[in-house]
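Visitor: I am new to this structure. Please show it to me, and then I will ask about its parts.

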Amino acid sequence: MFGQMMQQPLLISSLLVHAERHHGEQQIVSRRVEGDIHRYTYRDLASRARRMAKALAALGVTPGQRVGTLAWNGYRHMELYYAVSGSGAVLHTVNPRLHPDQIAYIADHAEDQVIFFDMTFLPLIQAVAGRTKAVKHYVAMTDRAHLPADHKVPGLLCYEDLLDAQDDRYEWPSFDENTASSLCYTSGTTGNPKGVLYSHRSTVLHTMAGALPDALGCSAADVVLPVVPMFHVNSWGIVYIAPMTGAKLVLPGAGLDGKSLYELFESEGVTLSAGVPTVWQGLLAYVDANGLKFSTMRRSAIGGSACPPAMIRRFLEVYGVRVIHAWGMTEMSPIGTAASFKSKHPGQTLDERLAVMSTQGRALYGVDMKIVDESGNELPWDGKASGDLLVRGPWIIASYFKNEGGDPLRDGWFPTGDVAKIDADGYMIITDRSKDVIKSGGEWIGSIDLENIAMAHPAVAMAACVAAFHPKWDERPLLVVVKKPGVEVTREELLAFYDGKIAKWWTPDDVVFVDAIPLGATGKMQKNKLRDSLKDYKLPTA
Ligand code: ADP
């Protein structure tokens, strides 16, 4: 027997229709690449997205075709999110921090018909334009007045001209909820990047779960500023969560330095934000150096790489900001877990609660996870056993775009490439990425633990722990440190800092001081590059 309820496909356009109808007056504030602040409402967004949907059809874009963007977080990018996916085409958000060779490869692999770009990326587009085969049109996301006359992109179109040619009388089409909506490539640290193709259904389900109180906890009373870029897995879903919940949305554009972000947090009354740890380091450094406080910010989702517990403590104790430590992947839309409390935690001590907040968190409904040993046997949730982390669920990848790399699943589960333990309450702790694990005498040493300890030292601005060759142990941990400006610290002081905090044999064998640690396109430490740059390094213990 079937239920007798309405059949309505879960479509991305429904989020915008809801936003326009039920909180059309709510604001979207954007810092434009021109530097000024732009303000409009969800009603304006909906109207302009409809006009853009018509403009796309006029350019010849048909359902299923891919449309690329190279853009910051801004209102025009939002319009494309809804115009492209809503009309049945596929939005391909390209990470502009990739190398031009990789961008050209990705644009052709995705067969992007049109590429929209912010003016910041004109030089990049000029470098790429002659080399892509698929792209038929390039569109500058600006108005005529800001379009330089001497650009070198043949046939370049102007975003506002395209909109001016259309009215907003347009009905969003209805189609199967399993239709592809958007495409994101993984960073491709090994080999060529692979595409993850989301559907309308996976996106809408992820949006609902991501907004829940134990995930981002986003409501109509929030003012949310995603620092995480819209080209980094749909800014972790915030581009959809904000219109669904009715939160005011603040989009920082290219201004991702501490000062620009802080000013926007304060002037717009931001309550909730999200970003990778390295971004918050910049913001906190600015706030610290200028003796400032956050007057409205209450919660901040941090993920993408492990958030050092010292940062979680600092946010809470000094600034009254609750960090929501979250874990996920491009292949998971991206949110998998979030470190929210259970009913027993509020009565616990600050240290106990900080320990919970420092885990990668509990699985959201919709994400099932398990840890397995090398033979695939499931390991206990005792907070001690660690193994390969596997996941499954309706917003988790089944296969890569164009089936690149073959079937990625193991018995219906997606192997994340992360090594983790899970405690009895279901809190998961990532100890490492499997390719970053340090194997000393056959035993694993988790580099994240070692980095987190180093990050708690007052002289350390950034720390990475990598495996260095050792003739007896195969690999031993080597700590690579960037010092805070004007602060001195010795190798011996840093190594002594580990005393009593971990098993003695986990202590790094040496410390190397560097000016900077290479960061990838999404702001994560690139340990493969770091290992390459240290390949001639010899441990003093070797
Ligand atoms: P990429 O593989 O390009 O870095 P993702 O952004 O999809 O792309 O990265 C996913 C990976 O990032 C995860 O598999 C995990 O290794 C790491 N990661 C994400 N969030 C966290 C976190 N909170 N703690 C530790 N590692 C994390």
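Visitor: How far does a polar side-chain atom of histidine 232 lie from an oxygen atom of the ligand?

Guide: This is a predicted model, in which local features need pLDDT of at least 70, side-chain atom pairs count only at pLDDT 80 or more, and totals for chains, interfaces and linings use all residues. Residues are numbered from 1 along each chain as its sequence is written, and side-chain values use heavy atoms, with hydrogens and water left out. A polar contact is a pair of N or O atoms within 3.5 Å. For histidine 232 and the ligand oxygen, the distance is 3.2 Å.

Visitor: How much of the ligand's accessible area does the protein cover?

Guide: Accessible areas come from the Shrake-Rupley method with a 1.4 Å probe. On its own the ligand has 560 Å², and the protein's cover of that area is 92%.

Visitor: Which strand gives the largest share of the shell around the ligand?

Guide: The ligand is surrounded by 15 residues, where a residue is near if one of its heavy atoms lies within 4 Å. Strands are DSSP runs of E with at least two residues, numbered from the N terminus. The largest share, 4 residues, comes from strand β14.

Visitor: In β18, which residue is the bridge partner of methionine 369?

Guide: Two strands pair if DSSP finds at least two bridges between them. Strands β17 (residues 368–372) and β18 (residues 387–392) run antiparallel and are joined by 5 bridges. The partner of methionine 369 in β18 is valine 391.

Definitions and conventions
A polar contact is a pair of N or O atoms within 3.5 Å; within protein, one must be able to donate a hydrogen and the other to accept it, and residues adjacent in sequence count only if both atoms are side-chain atoms.
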